[in-house]
Amino acid sequence: MNTPFQWIDVQDPTREELLVLKEQFHLHDASIDDCLQIGQLPKIEEFHNYYFLIIRSIPTSFDNFADTLTEITERVSVFFSEDYIITVHRGRIDYLEKIAETFKPSKLHTSKFFINHLTAEALKTFENLVINKLNIQLDSYEEIVFLKKRKKNFVRQLYYIKRQTDHIRIILTLYQDIVDFFHLSAFKNVYTQDLKDIYARATTLYRNSAENTSQLLSIYFNMESNHTNDIMRTLTIISVFFMPLTFIVGVYGMNFRNMPELEWDYGYPLIMLLMVMLALIIYFWFKRKRWL
């Protein structure tokens, strides 16, 4: 690229390669160590001759049941000054390749413009995840909750969405410092305002996704609780029907010698009629109370 600064992209670096860059560009040991560590969260640090930036983005695809930071995000470490930009990452980063292929050199007035654009592209991957994946999944799970009786694996799938959303919201919270840094007077321009707008959209989308996920879980558990209550009510009604009948049968099943009813010619049909009447009384009483 014909730009006023040098851009060096390093993929899958070894410590030795980073030490060479350290000597060439006078990089600090602390930023080199951060660059090599796994699981670093977004941040920006200022050194005497350069800035060190860590940004995270969403990969093009990842497993639906991924729930760790390194599984659902990919990291780019950036060393930059007025004269150079060094991007360090492991594996292929789609938006970096897109920037290399499509970004117009005429827009690269300074390295600050480029870093601002790089951060904006990373934030856009969070928006794309919500629009292209999470919202579609949540809509399908909503349909499962309200329209389908069989909900196999539903809670497990929704749990992983909640975990992914929680991780991403933490990352976006840490992005706030980076966005504010670029919005300072030394960096502020029309592109930093775009970055701030992208960040605001992303945080709003994930806040809504988190709320929708929590509400869907709450609705699901309430519906399951109501279903359990319906079953218990049905069993209770059945038991109430049979309790007096079982009592009568138990009394006359004792067969004591001095039980005059046992000698009645019409004792059996009378008891059967009494049991039917009791069942009808209980039935109409339940109907009146609207329990049936």
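**View 1. Charged side chains over rings.** Arg156 has its charged end over the ring of Phe65, 4.1 Å from the ring's centre. Likewise, the charged end of Lys133 sits over the ring of Phe62, 3.9 Å from its centre. Here, "over a ring" means NZ of Lys or CZ of Arg within 6 Å of the ring centre and within 35 degrees of the ring normal. A word on the model: it is predicted, so local features need pLDDT of at least 70 and side-chain atom pairs count only at pLDDT 80 or more, while totals for chains, interfaces and linings use all residues. Residues are numbered from 1 along each chain as its sequence is written, and side-chain values use heavy atoms, with hydrogens and water left out.

View 2. Tyr51 and Phe80 have ring centres 5.2 Å apart and planes at 25°, so they count as stacked. Tyr51 belongs to strand E3 (residues 51-57) and Phe80 to strand E4 (residues 74-80), so this pair ties together parts 29 residues apart in sequence. Helices (H or I, at least four residues) and strands (E, at least two) are DSSP runs, numbered from the N terminus.

View 3. E3 is mostly covered, with 7 of its 7 residues buried (under 20% relative accessible area; exposed is over 50%, partly exposed in between; 1.4 Å probe, protein chains only). Tyr51, Leu53, Ile55 and Ser57 point one way from E3, and Phe52, Ile54 and Arg56 the other way. E3 pairs with strand E2 (residues 43-46) in the antiparallel sense over 4 bridges; pairing takes at least two DSSP bridges between strands. Glu46 stands opposite Tyr51. E3 and E4 also run antiparallel, joined by 7 bridges, and Leu53 stands opposite Val78 in E4.

View 4. Phe126 and Tyr206 pair edge-to-face, 6.4 Å centre to centre with 80° between the planes. Phe126 sits in helix H5 (residues 111-147) and Tyr206 in helix H7 (residues 190-252), so the pair ties together parts 80 residues apart in sequence. Phe126 counts as buried, at 0% relative accessibility, and Tyr206 counts as buried, also at 0%.

Notes: Rings of Phe, Tyr and Trp (its six-membered ring) pair if their centres lie within 6.5 Å; planes under 30 degrees apart count as stacked, over 60 as edge-to-face and the rest as tilted.
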